[in-house]
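Subject: Structure for you to look at

Hello,

Please find below the structure I said I would pass on. My notes on it come after it.

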Amino acid sequence: MNGDPTTTPAHACNELAHAEPRASLPFVLEGSVTLIGSSPVIVRVRKLIETASATPCTTLITGETGVGKSIVARLIHLAHLGDQPFVRVSCGCMSDHLIEAELFGYEKGAFTGAASAHRGVFEQAEGGTLFLDEIATLPPHLQTSLLGVLDDKIIRRIGSEMNRRINVRIIAATNADIEAAVARRRFREDLFHRLDVLRIHVPPLREHREDIRALWDYFVNTLGSHDGRRFRTPDEEHDLLVQYDWPGNVRELRNLAERAILLSNDSTLQPSLLLRNQAAQTAPVAGNAGEARFLPLATVEREHIRHVFTRMSRNYTRAARVLGISLSTLRRKIARYGLDHAD
Ligand SMILES: Nc1ncnc2c1ncn2[C@@H]1O[C@H](COP(=O)(O)OP(=O)(O)OP(=O)(O)O)[C@@H](O)[C@H]1O
Ligand SMILES: [Mg+2]
């Protein structure tokens with residue numbers, strides 16, 4: 001795409017010309033459907049959400065992992081069709097056969113194991129929104145089927161002769177470079193254009209660092225309020241958070257807030273200590289750049305597990321949760337690193 005990826009050519013969505021703009025949108029909503037940020041790039045994303053929710057046109061949300069694409073999809077839906085179903089299907093985590101059955105549904109006896117009829121996600125989302133997440137991973141033959149559905153607005157369950165007309169708003173998202181997939185012929189160009197009617201590009205967090213403070217405070221307040229505690233984060237800690245590059249974007253920030261709260265002994269948070277642990281995996285530990293030595297990953301892992309396990313009072317369940325690994329994996333690693341009897 002040329003130019004600014006968060007803007008959309010006026011001709012791209014004819015319905016926009018006739019759409020009623022909405023005066024205001026509920027950007028702060030219950031649960032986790034809240035888009036925090038006041039930077040120019042987030043303000044632009046909000047405007048595009050507003051545009052998208054004023055019209056039923058197909059919308060493609062792009063951006064790196066963890067930037068907030070799922071929130072954007074839900075906000076469009078809530079502002080436009082809030083009382084109707086919102087159905088999300090992840091195209092990336094199912095076998096070809098399962099995705100097809102999931103998308104289009106099937107009749108009883110359509111294949112071995114089809115003990116009863118099943119409504120596909122298009123039918124489940126009738127009147128509302130179907131959110132096709134990780135769209136770039138959709139297998140080629142299903143790309144063809146999807147293109148047909150988008151053109152005709154008709155689906156047919158597997159094993160059925162009957163056509164069903166559908167009325168569903170489609171929002172697709174991807175964290176992959178979908179233009180590159182099109183160029184490499186991994187993704188159908190016609191389907192890409194059919195989805196890319198209105199484009200919303202959500203920028204990575206390092207491109208709107210001015211929102212980091214508000215995001216951090218939001219996560220700390222909401223996560224901390226669960227156990228009735230209030231925390232403060234010193235200014236110098238905020239500065240370090242702003243300098244960090246956040247490869248995992250807002251999701252990484254949120255997870256860091258959760259870990260900082262769980263690991264804190266008092267009400268003052270020191271997230272940079274956890275950032276330093278992460279950075280230790282790539283930072284040289286001695287010498288100049290030419291002689292840089294790196295810590296082996298196992299050393300960093302052992303040290304980090306030891307630290308968390310000790311801070312969690314050697315409680316396996318809590319430590320596994322903080323580390324984001326299963327209990328059995330934690331037990332195995334603790335035994336391997338000889339931490340079961342260490343201080
Ligand atoms: N601007 C934001 N304000 C508040 N929370 C946010 C924001 N952006 C992201 N988050 C939170 O960060 C986490 C990741 O966001 P989300 O799941 O929407 O990312 P994504 O872009 O869909 O990532 P992926 O490509 O991996 O699916 C979620 O917990 C979400 O609530
Ligand atoms: Mg997502």
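In these notes, a contact means heavy atoms within 4.5 Å. The model is predicted, so local features need pLDDT of at least 70, side-chain atom pairs count only at pLDDT 80 or more, and totals for chains, interfaces and linings use all residues. Residues are numbered from 1 along each chain as its sequence is written, chains are lettered from A and ligands numbered from 1 in the order in which they are written, and side-chain values use heavy atoms, with hydrogens and water left out.

Overall picture

The chain has 15 helices and nine strands. Helices (H or I, at least four residues) and strands (E, at least two) are DSSP runs, numbered from the N terminus. Of the 343 residues in the chain, 43% are buried. Buried means under 20% relative accessible area, exposed over 50%, and partly exposed in between, with a 1.4 Å probe and protein chains only. The chain exposes about 17700 Å², and 51% of that comes from carbon and sulfur atoms. Such accessible areas come from the Shrake-Rupley method with a 1.4 Å probe; for residues, only the protein chains shown count as cover. Taking contacts between residues at least 6 apart in sequence, 72% join residues at least 24 apart.

Strand E5 covers residues 129-133, and because five of its five residues are buried, it is largely enclosed by the rest of the structure. Thr129, Phe131 and Asp133 point one way from E5, while Leu130 and Leu132 point the other way. Two strands pair if DSSP finds at least two bridges between them. Strand E2 (residues 86-90) runs parallel to E5 and is joined to it by five bridges; Val87 has Leu130 as its bridge partner in E5. E5 also pairs with strand E8 (residues 169-174), in the parallel sense and over four bridges. There, Leu130 has Ile170 as its bridge partner.

Thr174 also lies in E8, and is buried, with a relative accessible area of 2%. Leaving out residues up to four places away in sequence, Thr174 touches Ile61, Thr62, Gly63, Lys69, Ile135 and Ala136.

Ligand 1

There are 18 residues around ligand 1, and Ile36, Thr65, Gly66, Lys69 and Ser70 come nearest. A residue is near a molecule or strand if one of its heavy atoms lies within 4 Å of it. Ligand 1 taken alone exposes 630 Å², of which the protein buries 87%.

Nonpolar cores

In soluble globular proteins, nonpolar side chains tend to be buried together. A nonpolar core here is a set of buried Ala, Val, Leu, Ile, Met, Phe, Trp, Tyr and Cys residues joined through side-chain atoms within 4.5 Å. The largest one has 33 residues, and Trp216, Trp246 and Leu253 have the most contacts inside it. Helices that each supply at least two of its residues include H9 (212-224), H11 (249-263) and H13 (297-311). H11 gives the largest share, seven residues. Leu253 touches Leu205, Ile212, Leu215, Trp216, Phe219 and Trp246, not counting residues up to four places away in sequence. Another core, of 31 residues, lies apart from this one, and Phe122, Ala172, Val182 and Phe187 are among its members.

Single residues to look at

Gln143 sits in helix H6 (residues 140-152) and is buried, at a relative accessible area of 1%. The Gln143 side chain reaches the backbone nitrogen of Arg188 at 2.8 Å.

Two residues other than glycine have a positive phi. Asn249, in helix H11, has a phi of about 60 degrees and is buried at 0% relative accessibility. Ser313, in the loop between H13 and H14, has a phi near 55 degrees and is exposed at 58%.

Regards

How values were computed. Polar contact = N/O pair within 3.5 Å; in protein donor to acceptor, adjacent residues only side chain to side chain.
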